[in-house]
Amino acid sequence: MRETVHDIKGIYAIMPTPALPGADQMTLEDTVDYKETVRAVHQLIEDGVDAIMTTGTFGEAATLTWDEHLNFVATVVEAAKGRVPIYAGATTLNTKDTIVRAKAFQEKGVSGLLLGRPMWCECDDETIVSFYQDVAEAVPDLGIIVYDNPVAFKGKISSDVYARLAEIPSIIAAKCTSLGQAFWNDVEAVKGKIRMLPMERDWYEGWKTNPDEILACWSGAASCGPQAAVALKHSLLNGDEEKAQEITEGMQHASRTFFPNGEFKLFAKYNIQLEKIRINEAGYIHAGPSRPPYTKVPEEYAEGAREAGRRLAQLREKYGGKAVR
């Protein structure tokens, strides 16, 4: 059965699509490291994540062939064996192709979709609502997590639109990029019908403000090891705010070198490359190289990502995990 908003709790980990050596060239027909995919899924679940989301931005949905995309999602679902929900990114440049992908993923057994808007043209409010309505009607048995990345999708979804999306039963959560006033306006707009997900390092702050609603987070850093996020979850469940603050400060320290010049918009130019560099450096998942055309990155930015990976590895070890590959 489809998850509901009341099921969205804990850590929704984002994992990459592991790539074989040479995936950054044009010579391989299938670039996916399926063996590492299976190992990574098992490791994330064993280490305590509550769901897995993939084939979003650093899941490289934009650079996988359709065969790679479908086979990878099938591998993730099979490896999970129903232990946690799996949400697969199905975003394309149009509604029809998105629905084709969604139905194919449904046949493979996904729990739902991580779904951003088509990004060729900026979508106005009516287009956003109709897009999500059309997909939801086509695959009513799949839960939908809205992927609200204002850089990738040419603007943030407004609170007015969120109020309308909240009336679509299969839209159960939204992946949000920051914890500003707009986030809280969106929380108010959805009236508990959509779980608004902050990133893990904002989770404690969000929980402090509204502990009844901010019950889950998304975590790209989980692919560097979810141990700190799991420790944070238990701290919140136990009401241990001192521990939660300590863990959050460690997460924030680990992220300081990750964003070039501290700018999200600049980071977004190199999102895939920097995420995979960070994950590889942390040593929890072997993400491999990024795929063309997103393979180039200034060395100073790359070193910032490597340092972030090293800091996350230290945080992982502090809360009970080690490099596993």
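**Salt bridges and pockets**

User: What is the relative accessible area of Glu-246?
Analyst: Glu-246 has a relative accessible area of 33%, so it counts as partly exposed. Keep in mind that this is a predicted model.

User: Which residue does Glu-246 meet in a salt bridge?
Analyst: Lys-318. The two side chains meet at 3.7 Å, N to O. The pair links distant parts of the chain, with Glu-246 in helix H9 and Lys-318 in helix H12, 72 residues apart.

User: And Lys-318, buried or exposed?
Analyst: Exposed, because its relative accessibility is 53% and the cut-off for exposed is over 50%.

User: How many salt bridges does the structure hold?
Analyst: There are 21. As background, side chains of opposite charge can pair when their charged atoms come close.

User: What about Arg-278 and Glu-275, what is their N to O distance?
Analyst: Their side chains meet in a salt bridge at 3.0 Å.

User: Why are they separated by about one helical turn?
Analyst: Because Arg-278 and Glu-275 are three residues apart in helix H11.

User: Is that pair buried or exposed?
Analyst: Buried on both sides. Arg-278 has a relative accessible area of 6%. Glu-275 is at 8%. Buried means under 20%.

User: Moving to H12. What do Glu-303 and Arg-306 do?
Analyst: Their side chains form a salt bridge, 3.0 Å from N to O. They are three residues apart in helix H12, so about one helical turn separates them. Glu-303 is partly exposed, at 33% relative accessibility.

User: Which residues are linked with them in a network?
Analyst: The salt-bridge network links Glu-281, Glu-299, Glu-303, Arg-306, Glu-307, Arg-310 and Arg-311.

User: New topic. What volume does the largest pocket have?
Analyst: About 700 Å³. It is lined by 29 residues, and Thr-57, Ala-62, Met-119, Ala-152 and Tyr-294 are the closest to its centre.

User: What's the makeup of that lining?
Analyst: The lining of the largest pocket has 15 nonpolar, nine polar and five charged residues. Helix H10 (264-269) and helix H11 (271-282) each supply at least two of its residues.

User: And the second largest pocket, how much space lies in it?
Analyst: About 280 Å³. Its lining has 22 residues, with Lys-175, Trp-218, Phe-267, Asn-271 and Glu-275 nearest the centre. So Glu-275 turns up again, the buried residue at 8%.

User: Which helix gives the most to that lining?
Analyst: H11, with three residues. Helix H7 (200-209), H10 and H11 each supply at least two. By class, the lining of the second largest pocket holds 11 nonpolar, six polar and five charged residues.

User: How many cavities of 30 Å³ or more does a search of the whole structure find?
Analyst: One. The largest cavity has a volume of about 130 Å³.

User: What lines it?
Analyst: The largest cavity is lined by 16 residues. Glu-200, Ala-221, Met-251, Leu-312 and Leu-315 lie nearest its centre. The elements giving two or more residues to this lining are H7, helix H8 (227-237), helix H9 (241-255) and helix H12 (299-318).

User: How many charged residues are in there?
Analyst: Four charged residues, along with nine nonpolar and three polar.

Note on methods:
Residues numbered from 1 in each chain as written. Predicted model: local features only at pLDDT ≥ 70, side-chain atom pairs only at ≥ 80, totals over all residues. Heavy atoms only, no water. 1 Å grid on protein atoms, 1.4 Å probe; cavity = no way out; pocket = protein on both sides within 12 Å on 5 of 7 lines; lining within 4 Å. Points joined across faces, edges and corners; volume = space filled by probe spheres on them. Helix = DSSP H or I, 4+ residues; strand = E, 2+ residues; numbered from the N terminus. Nonpolar A, V, L, I, M, F, W, Y, C, P; charged D, E, K, R; others polar. Salt bridge = Lys/Arg side-chain N within 4 Å of Asp/Glu carboxyl O. Buried < 20%, exposed > 50% of the residue type's maximum accessible area, 1.4 Å probe, protein only.
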